[in-house]
Amino acid sequence: MKVARLLILLAVLVAGLIVGALNSQEMTLKLGFTEIHSSTGLAITVALLAGVLIGAGLVLVGMVIPLYSKLRKAQKAVPVTPAAPVAPSTSSFDGR
């Protein structure tokens, strides 16, 4: 699994480098009170990153946190009963 994550990370990094290299024209972003001078490749990369972070934040606030609070309430509502002892497994599978 770690190798797959590393390969995905490298693929995204290479894609970002290609976008930055192919879009090297200068641009000026005027914000009213200031101006930001940058290349178009950097502006595209920053906009994509900002979109991913904002989207992940919205999913976290809109879905994950409410579901987590429902799960905690459901776990508190279920009475805890002592479980019977379980025999240890003899399997050599370590869960990875």
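Q: What share of the 96 residues of the protein chain counts as buried?
A: In this predicted model, 4% of them do. Buried means under 20% relative accessible area, exposed over 50%, and partly exposed in between, with a 1.4 Å probe and protein chains only.

Q: Why is Leu6 called partly exposed?
A: Its relative accessible area is 48%. Leu6 is found in helix α1, residues 2–22. Helices are DSSP runs (H or I, at least four residues) and strands are too (E, at least two), numbered from the N terminus.

Q: What makes strands β1 and β2 a pair?
A: Two strands pair if DSSP finds at least two bridges between them. Five bridges join β1 (residues 26–30) to β2 (residues 35–39), so they pair. The two run antiparallel. Lys30 stands opposite Glu35 in β2.

Q: How do you know what span is expected of helix α2?
A: The expected span is 1.5 Å times one less than the number of residues. Helix α2 (residues 40–77) has 38 residues, and the expected value is 56 Å. From first C-alpha to last, α2 reaches 54 Å, close to that.

Q: Where is the kink in α2 centred, and how is a bend defined?
A: The kink is centred on Leu60 and is about 40°. The bend at a residue is the angle between axes fitted to the seven residues ending there and the seven starting there.

Residues are numbered from 1 along each chain as its sequence is written. Local features need pLDDT of at least 70, side-chain atom pairs count only at pLDDT 80 or more, totals for chains, interfaces and linings use all residues, and side-chain values use heavy atoms, with hydrogens and water left out.
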